[in-house]
Amino acid sequence: MNVFPSTLGDLYIGSIHDGLQNHIDSHGASLVYLIADDHTADLCVPLLGSIVSKAHCSIIPSGEANKSIESCQQIWSQLVKAGADRSSLILNVGGGMVCDLGGFAASCYQRGIRFGHIPTSLLAMADAAIGGKTGVNFGGFKNYIGRFEKPSFIWIDPVFLNTLPPREMVDGMAEIVKHAIIGSSDLWNMLNRVEHISGIDWMNILKTNTTIKQHITEADPLEKGIRKTLNFGHTIGHALESHFMNTDHPMSHGQAVTLGMLAESKLANLTGLMGNEDFERIIGLIGQLLSPSEVTLPSFEELQYWLAGDKKKSMGRIGYSLPDRIGSCGWDIYVKENEVADSLHWLGTYART
């Protein structure tokens, strides 16, 4: 087992059977309460075995549309019924949706009770469970209501990756690629040696990825500066995800971020921030590892509503996080609307090829 201490929640990477039960017991919780969605309840919770045999459970329907205040109300009602108090412990067993939702529900219940994350998706292991962000969607916008609240711990066991379909593995890889682009030439070089996602040494990749995410979030826990670089790909990505969320064909977070990184890399290139060589290398790796969706994308005009509601907007302006080279990224970069429109036009052409 590997331990990564952090001011935003200590992180453990290794088998859940190598000490998770002892770790839970060390919290002296009056009640252990488990939150999962219907998929992770079927596929992942049984892998915990006796660890959660006495835990109370709340099962939420899967899907980003259920990361909502209504789901929080369901959880809070069940916590009250179970007699949960401030010495209770919530275990969030699931992907990014469950970690975000469960963390937010815990942070508000009785003004805050302890919670731990047991991420079961690659996306959650690589990103969502780390850094102390919680939240729910609201009014169609991603993560619009939330809190910065650190978990008591995060326990990552790659065994859960065996429960995922290939598409979800690719989606999770998007955040790892993002971390390489914005902050680590070492991780970038590791990814460039990958011939196919199925042959990855996940333990090694996750250790390297974790170090990057923890370093950035610990340096700026409330997202006032360098932590904003983690938003690379997410301004346009979240707008796309919100646009498709309530359609017949919702777009996964990983695919939205993949397309967002493509568009925002093009934006960095169009504005002269990033040179052609690094732009082509980024586009090449994304195409190789992330299988961007072949989808008909909305126009800039159709996407403007979602872009205008970006929660990172300040003083009426959206500051983009854009890489200037591989391994380096700036933040609060203001660009012209026609440049965003041009990058989306390029993306629309790219996505159809």
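**Helix packing and an aromatic pair**

Biologist: Tryptophan 306: buried or exposed?

Modeller: Tryptophan 306 counts as buried, because its relative accessibility is 18% and the cut-off for buried is under 20%. Keep in mind that this is a predicted model.

Biologist: How many aromatic pairs does the structure hold?

Modeller: Seven. One of them joins phenylalanine 141 and tryptophan 306.

Biologist: What are the distance and plane angle for the rings of phenylalanine 141 and tryptophan 306?

Modeller: The ring centres are 5.1 Å apart, and the planes sit at 65°. Planes over 60 degrees apart count as edge-to-face, so that is the class of this pair.

Biologist: Where in the chain are the two partners?

Modeller: Phenylalanine 141 is in strand β8, residues 141–148, and tryptophan 306 is in helix α12. They are 165 residues apart, so the pair links distant parts of the chain.

Biologist: And phenylalanine 141, buried or exposed?

Modeller: Buried, with a relative accessible area of 11%.

Biologist: Which residues form the ring cluster?

Modeller: Ring pairs link Phe141, Tyr144, Tyr305 and Trp306.

Biologist: Back to α12. How does α12 sit against α13?

Modeller: Helix α12 spans residues 300–308 and helix α13 spans 337–351. Their axes come within 11 Å and cross at roughly 120°. The two helices are therefore oblique to each other.

Biologist: Right-handed or left-handed crossing for α12 and α13?

Modeller: Right-handed.

Biologist: Which residues make the contact?

Modeller: From α12, Phe300, Leu303, Gln304 and Leu307. From α13, Glu337, Val340, Ala341 and Leu344. By class, that contact has six nonpolar residues, one polar and one charged.

Biologist: New topic: α7 and α8. What are the angle and the axis distance?

Modeller: The angle is about 155°, with the axes 10 Å apart. Helix α7 covers residues 185–192, and helix α8 covers 202–219.

Biologist: What does that angle make α7 and α8 to each other?

Modeller: Angles over 145 degrees count as roughly antiparallel, so α7 and α8 are roughly antiparallel to each other.

Biologist: Is the crossing of α7 and α8 left-handed or right-handed?

Modeller: The α7 and α8 crossing is left-handed.

Biologist: Which residues meet there?

Modeller: In α7, Leu187, Met190 and Leu191. They meet Asn204, Ile205, Thr208, Asn209 and Ile212 in α8.

Biologist: How many charged residues does the contact of α7 with α8 have?

Modeller: None: the contact has five nonpolar and three polar residues, with no charged ones.

Methods. Residues numbered from 1 in each chain as written. Predicted model: local features only at pLDDT ≥ 70, side-chain atom pairs only at ≥ 80, totals over all residues. Heavy atoms only, no water. Axes fitted to C-alpha atoms, helices over the stretch in contact; angles between N-to-C directions. Helix = DSSP H or I, 4+ residues; strand = E, 2+ residues; numbered from the N terminus. Parallel < 35°, antiparallel > 145°, perpendicular 65-115°, else oblique. Left-handed = near helix turned anticlockwise from the far one by under 90°. Contact = heavy atoms within 4.5 Å. Nonpolar A, V, L, I, M, F, W, Y, C, P; charged D, E, K, R; others polar. Phe/Tyr/Trp six-rings, centres within 6.5 Å; stacked < 30°, edge-to-face > 60°. Buried < 20%, exposed > 50% of the residue type's maximum accessible area, 1.4 Å probe, protein only.
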